[in-house]
Amino acid sequence: MSDLQAVTNRLLQNPKDFANLLITFYGAKAAKQFELFFTQHLLIAADLVNAAKNNEVEKLNVSRKKWYQNADEIACFLSEINPYWDKNKWQTMLYRNLEMTEEKAVLRLQGNYDADIKNFANIENEALQMADYMFCGILKQYL
């Protein structure tokens, strides 16, 4: 039995969870905008993985370009709602996350599960660094 639907549902809950957190600090409009950006981020990632699975190089390249544009939009948006969040720092972190996530997908598709697991630890560490940066920015803005 495929876990695709269960995994998709859980991943698409993440933007809602973030929006619920951000609404407290930035209001409903900003929270909803972030939710949309983050949802797009995940949907583009799914397109990218499917293109890779189907060996559709042109579609893969289009999806990758959209993914990085979405990261730019997220970085810009975050830097606009909090003066302690630097657009370039967000871009750097998001780009690195995209690179590692794409690498993880490739390793999984190739069946290289040991390297995939090691890569996941790097992605988790990067996500924790982004969470720390987000938290520190909120703390500086409101204390």
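Helices here are DSSP runs of H or I with at least four residues, numbered from the N terminus. Y68 has its place in one of them, helix α3. The structure is a predicted model.

**Helix α3 and Y68**

Helix α3 covers residues 57–81. Its 25 residues should span 36 Å at 1.5 Å a residue, and the end C-alpha atoms of α3 are 36 Å apart, which agrees. Buried residues in α3 include L60, S63, W67, Y68, N70 and A71. Further along α3, I74, A75, F77, L78, S79 and I81 are buried as well. The cover over the buried residues of α3 includes α2, α4 and α5.

Y68 is one of the buried residues of α3. Leaving aside neighbours within four places in sequence, Y68 is in contact with Y95, L98 and E99. L42 lies 26 residues from Y68 along the chain, and the C-alpha atoms of the two are separated by 12 Å.

Most residues other than glycine have a negative phi. N55 is not a glycine, yet its phi is positive, at about 55°. With a relative accessibility of 62%, N55 is exposed, because the cut-off for that class is over 50%.

**Helix α5**

Helix α5 (113–142) has 30 residues. From its first C-alpha to its last, α5 reaches 43 Å, close to the 44 Å expected at 1.5 Å a residue. The buried residues of α5 are D116, N119, I123, E126, M130, Y133, M134, G137 and I138. Among the elements that cover these buried residues are α2, α3 and α4.

**Salt bridges**

The model has six salt bridges.

| Pair | Distance, N to O |
|---|---|
| E102 and R64 | 2.4 Å |
| K104 and D116 | 2.6 Å |
| R108 and D116 | 2.8 Å |

Is E102 buried or exposed? E102 has a relative accessible area of 16%, so it falls under the 20% limit and is buried. R64, at 25% relative accessibility, counts as partly exposed. Not counting residues up to four places away in sequence, E102 touches L48, R64 and W67.

D116 takes part in a salt bridge with K104. K104 lies in helix α4 and D116 in helix α5, so this pair ties together parts that are twelve residues apart in sequence. R108 has a relative accessibility of 45% and counts as partly exposed.

**The largest pocket**

Rolling a probe the size of a water molecule over the atoms shows where empty space is left. In this model, the largest pocket has a volume of about 1,600 Å³. Its lining is made up of 40 residues, of which L11, N14, L42, A45 and T101 are the closest to the pocket centre. Which elements give two or more residues to the lining? They are α1 (4–11), α2, α3, α4 (87–109) and α5 (113–142). The largest share, 13 residues, comes from α2.

By class, the lining of the largest pocket has 27 nonpolar, six polar and seven charged residues. L42, one of the residues closest to the centre of the pocket, is also the residue whose C-alpha atom is separated by 12 Å from that of Y68 in the comparison given above.

How values were computed:
Residues numbered from 1 in each chain as written. Predicted model: local features only at pLDDT ≥ 70, side-chain atom pairs only at ≥ 80, totals over all residues. Heavy atoms only, no water. Buried < 20%, exposed > 50% of the residue type's maximum accessible area, 1.4 Å probe, protein only. 1 Å grid on protein atoms, 1.4 Å probe; cavity = no way out; pocket = protein on both sides within 12 Å on 5 of 7 lines; lining within 4 Å. Points joined across faces, edges and corners; volume = space filled by probe spheres on them. Nonpolar A, V, L, I, M, F, W, Y, C, P; charged D, E, K, R; others polar. Expected span 1.5 Å × (residues − 1). Contact = heavy atoms within 4.5 Å. Salt bridge = Lys/Arg side-chain N within 4 Å of Asp/Glu carboxyl O.
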